[in-house]
Amino acid sequence: MGSIIKFIFGSFALFIAFIAIGLGYLKTDDTVRQKLFATVLNKCSNENDTAVMNLRCNEVLSHSRIHGNVLEIGTGTGINFACLHNNTRIIDYTGIEPNYHMHSYANAATDRWNIPFKVRLSTNSATNMTDIESNSIDTIIMTFVLCSIPDPLPKQLLIEAHRVLRSGGELHLLEHVLSDPNVKPITNSFQKLIEPIWTIVGDGCRFIPTGNYLDEMKTVYSKVNYENIEIPVPLFLIKDAIKGVLVK
């Protein structure tokens with residue numbers, strides 16, 4: 001019996017050691033981490049998930065909201081093309097996606113949905129969009145992006161977004177957030193506990209109080225409206241979210 005217990009504990013320790021080595025490798029090798037994250041995200045991006053796609057397409061990216069020269073910050077695998085492909089109000093689309101390994105999936109999405117408008121993808125940083133002129137964008141869309149941007153860059157990104165928007169232009173966003181410790185103390189504590197590992201596996205994704213960044217923008221944008229919602233997903237860690245609109 002003693003040898004069996006030793007074998008079990010030894011195997012478990014070896015398993016943990018392999019995980020630790022793997023996480024350490026991912027943390028130090030940006031290329032491998034970003035390529036792995038792109039592959040995993042593409043596998044998890046389910047265009048047939050009716051509940052989540054309804055939230056994306058009908059509540060955040062509805063045709064009545066998205067129009068003109070469109071900029072998406074964080075194109076990812078191109079899942080939002082499922083919402084945009086038949087929007088006749090879009091003139092052209094520019095996508096900012098620093099992770100180059102996402103681009104092949106995004107390009108495949110444009111082919112799959114027969115995107116009728118011009119699409120341009122860029123690897124430039126959204127905190128310094130030197131290739132986009134001031135006052136040139138009608139609509140900015142951003143879904144699950146701010147979580148991957150370390151402080152103090154989210155504020156810089158939102159200010160840069162304000163620069164490129166035309167007067168009256170709108171930024172539409174959907175972001176998962178750090179759960180309110182007064183409402184969901186257990187979820188909040190678990191998010192903080194797992195965040196060091198989550199950040200490595202999720203290529204920088206963290207649990208942050210996004211509402212605080214949006215509140216700071218009330219002195220920059222003419223209107224800042226947002227509401228707390230729950231995303232219809234089974235994983236409790238990422239259910240709490242914010243959807244909102246910022247108007248220049």
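Guide: Let us begin with terms. Helices (H or I, at least four residues) and strands (E, at least two) are DSSP runs, numbered from the N terminus. A pocket, on a 1 Å grid over the protein atoms alone, is an open set of points where a 1.4 Å probe fits, with protein on both sides within 12 Å along at least five of seven lines; lining residues have an atom within 4 Å of a point. This is a predicted model, in which local features need pLDDT of at least 70 and side-chain atom pairs count only at pLDDT 80 or more, whereas totals for chains, interfaces and linings use all residues. Residues are numbered from 1 along each chain as its sequence is written.

Visitor: Which element gives the most to the lining of the second largest pocket?

Guide: That element is α8, with four residues. α8 (210-216), β6 (223-230) and β7 (240-247) each supply at least two residues of this lining.

Visitor: How many residues line the second largest pocket, and which lie nearest its centre?

Guide: The lining has 18 residues, and V177, L178, S179, D180 and N228 lie nearest the centre.

Visitor: How many helices and strands does the protein have?

Guide: The protein has eight helices and seven strands.

Visitor: Why does T75 count as buried?

Guide: Buried means under 20% relative accessible area (1.4 Å probe, protein chains only). T75 counts as buried because its relative accessibility is 4%. T75 lies in the loop between β1 (68-73) and α4 (81-84). Across the protein, buried residues make up 44% of the 248 residues.

Notes. Side-chain values use heavy atoms; hydrogens and water are left out. Buried means under 20% relative accessible area, exposed over 50%, partly exposed in between (1.4 Å probe, protein chains only).
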